[in-house]
Amino acid sequence: MRHVFILLGIYGVGLGLTLYGAYIDTDVPQSGHFSLGMEIVCMSLIVFGLLAGIFYSLFFTFKGLKRILEQRFA
């Protein structure tokens, strides 16, 4: 259950970064509201995937290193 909250937090960060990027974009939007909404949703999912991949690769790497060190020195 803890991972659900971690994933929601990662998606919140991804959505925040996406909204910030859309806010600071200086180009005039050429598309409608639906298209802009789809761009924000898709970009937030891409950023979520990247951040989750980085987080969980580091998480499992350090978890494995901790287990190896505990076995070696315990």
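Which helices each supply at least two residues of the lining of the largest pocket? They are α1 (2-24) and α2 (33-73). Helices here are DSSP runs of H or I with at least four residues, numbered from the N terminus. The model is predicted, so local features need pLDDT of at least 70 and side-chain atom pairs count only at pLDDT 80 or more, while totals for chains, interfaces and linings use all residues. Residues are numbered from 1 along each chain as its sequence is written, and side-chain values use heavy atoms, with hydrogens and water left out.

Ile 10, Gly 14 and Thr 18 are buried in α1, where buried means under 20% relative accessible area, exposed over 50% and partly exposed in between, with a 1.4 Å probe and protein chains only. The cover over the buried residues of α1 includes α2.

Thr 18 lies in α1 and counts as buried because its relative accessibility is 8%. The side chain of Thr 18 reaches the backbone oxygen of Gly 14 at 2.8 Å. Leaving out residues up to four places away in sequence, Thr 18 touches Ile 40, Met 43, Ser 44 and Val 47; contact means heavy atoms within 4.5 Å.

Leu 15 is also placed in helix α1, but Leu 15 is partly exposed, with a relative accessible area of 28%. Apart from neighbours within four places in sequence, Leu 15 is in contact with Ile 40 and Ser 44. Leu 15 and Ile 40 are 25 residues apart along the chain, and their C-alpha atoms are separated by 7.9 Å.

Now to the pocket. On a 1 Å grid over the protein atoms alone, a pocket is an open set of points where a 1.4 Å probe fits, with protein on both sides within 12 Å along at least five of seven lines; lining residues have an atom within 4 Å of a point. Of the 13 lining residues, Ala 22, Asp 25, Pro 29, Leu 36 and Glu 39 are the closest to the centre of the largest pocket. Helix α2 gives the largest share of this lining, four residues.

Key. Polar contact = N/O pair within 3.5 Å; in protein donor to acceptor, adjacent residues only side chain to side chain.
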